[in-house]
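Please consult the sequence and the model while reading.

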Amino acid sequence: MDVVLEWFRENKRDLPWRESTPWGVVVSEFMLQQTPVHRVLPQWHRWMELWPTPADLAGAPLSDALREWGRLGYPRRAKRLHECAQIIVRNHNGIVPPELPVLRSLPGIGEYTASAISAFAFKRGELVLDINIRRLYARCWQGKSAPTAAPNNAERELARQLLPEGDDGTWAAATMELGALICKARTPLCDECPLKNQCLWRAIGYPQEAGIGKSTQQAKWRGSDRQCRGVIMQALRENTDITQSELEKIWSDRSQYEKALASLLDDGLIEQRGKRFSLAN
DNA sequence: TTCCCGGTGC
DNA sequence: GCACCGGGAA
């Protein structure tokens, strides 16, 4: 697949974590879970400035990590990353472990993130299956418009066959970049694709399978439990300490507020001391 | 204004 | 199979 690697050499974005330490890669992968590159960039720089090593983050209060996470979304990721830092310090001498099973055992690191860290931080030719790569494979080699909800063994086998011998992680980076920039979910730029002459989906006229690739409908954001949690977190990021009665004013639906508050306490993202709430420590 | 984008953990 | 986030494209 030299055309893909050649395309990557000429078109890859200049992303700072590609020139960073293994820890920088870990931080980037956590932030990039469910969040686009352009939103991650400023936050990543800030975090690497504040906490350039696992020991630095492990030594900081969780509340600082949650505050600096800002509006990236899914603040449980910040808590898990903080936990990762502490485990790395405690069990791995402060060094990011390169072994796939060890990475996989850390909180917030699943199949994708473990292989991505191994490939990008340690230059290993791992099987990396993020949604961009999976979409590219589904289209080009399977003639489908989109991949299934989760990878199965047949898909892993196909991906393994495509992985170049002796790869150093460049294949994953290249296919991910191609999926993100050209083989896009909604409006693929097929004319610019280095694989356009061998893409099965293109060859058979871009069929759309019923039901495939459709994620379950997300509830409206406005008025959702998610929005309520976000509003509470934002209030606690801006106020180090806030009373029960002040906090409850920020959301009009009382029962939804109570539910969101309880779930944030349950997730260990916030804490209560008497009548006052703050980010968890 | 709605719709879409995207890993982990339960 | 569902909950979790916020921003940006359509």
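Ile133 lies in helix 9; helices here are DSSP runs of H or I with at least four residues, strands are runs of E with at least two, and both are numbered from the N terminus. The model is predicted, so local features need pLDDT of at least 70 and side-chain atom pairs count only at pLDDT 80 or more, while totals for chains, interfaces and linings use all residues. Residues are numbered from 1 along each chain as its sequence is written, chains are lettered from A and ligands numbered from 1 in the order in which they are written, and side-chain values use heavy atoms, with hydrogens and water left out.

With a relative accessibility of 0%, Ile133 counts as buried. Buried means under 20% relative accessible area, exposed over 50%, and partly exposed in between, computed with a 1.4 Å probe on protein chains only. Leaving aside neighbours within four places in sequence, Ile133 is in contact with Val128, Ala172, Thr175 and Met176, where contact means heavy atoms within 4.5 Å. The C-alpha atoms of Ile133 and Cys183 are separated by 9.1 Å, although the two residues are 50 apart along the chain.

## Chain A as a whole

Chain A contains 15 helices and three strands. Its C-alpha trace spans about 65 × 45 × 30 Å along the principal axes. Of the 281 residues in chain A, 45% are buried. Among contacts between residues at least 6 apart in sequence, 63% join residues at least 24 apart.

According to an unreviewed UniProt entry, the annotation "domain: HhH-GPD" covers residues 31-181; UniProt positions are given in the numbering used here, feature names are shortened, and annotations may be inferred rather than shown by experiment. In the model, that span is 64% helix and 0% strand, and its end C-alpha atoms lie 19 Å apart.

## The surface near DNA strand B

DNA strand B is surrounded by 19 residues, of which the closest are Gln34, Gly108, Gly110, Thr113 and Ala185; a residue is near a molecule or strand if one of its heavy atoms lies within 4 Å of it. Sugar and phosphate account for 65% of the atoms of DNA strand B that come within 4 Å of the protein.

| Residue and polar atom | Atom of DNA strand B | Distance |
|---|---|---|
| Glu111, backbone | phosphate oxygen | 3.5 Å |
| Asn132, side chain | phosphate oxygen | 3.4 Å |
| Arg186, side chain | sugar or linking oxygen | 3.3 Å |

The elements giving two or more residues to the surface near DNA strand B are helix 8 (111-122) and helix 9 (131-142).

## Loops between helices

Gln34 is found in the loop between helix 2 (22-32) and helix 3 (37-50). Its phi is near 75°, a positive value in a residue other than glycine. Gln34 is exposed, at 63% relative accessible area.

Asn93 likewise has a positive phi, of about 55°, although it is not a glycine. This residue is found in the loop between helix 6 (76-91) and helix 7 (100-104), and Asn93 is exposed, with a relative accessible area of 71%.

Pro61 lies in the loop between helix 4 (54-58) and helix 5 (62-69). At 36% relative accessibility, Pro61 is partly exposed. Not counting residues up to four places away in sequence, Pro61 touches His82 and Asn281. The C-alpha atoms of Pro61 and His82 are separated by 8.8 Å, the residues being 21 apart along the chain.

Three strands form an open sheet with the order 1-3-2 and antiparallel pairing; two strands pair if DSSP finds at least two bridges between them. Strand 1 (242-243) and strand 2 (270-273) stand at the edges with a single partner strand each, so one side of each has no neighbour in the sheet.

Strand 2 pairs with strand 3 (residues 276-279) in the antiparallel sense over four bridges. Within this pairing, Phe277 in strand 3 is the bridge partner of Gln272. Two residues lie between the strands of this hairpin, and Gly274 takes a positive phi near 65° there.

Helix 13 (residues 225-238) packs on the sheet and touches strand 1, strand 2 and strand 3; its direction makes about 90° with that of strand 3. Helix 15 (residues 254-266) lies across strand 2 and strand 3, running at about 100° to strand 2. For these angles, axes are lines fitted to C-alpha atoms, for helices over the stretch in contact, and values run from 0 to 180 degrees between N-to-C directions.

Terms used: Polar contact = N/O pair within 3.5 Å; in protein donor to acceptor, adjacent residues only side chain to side chain.
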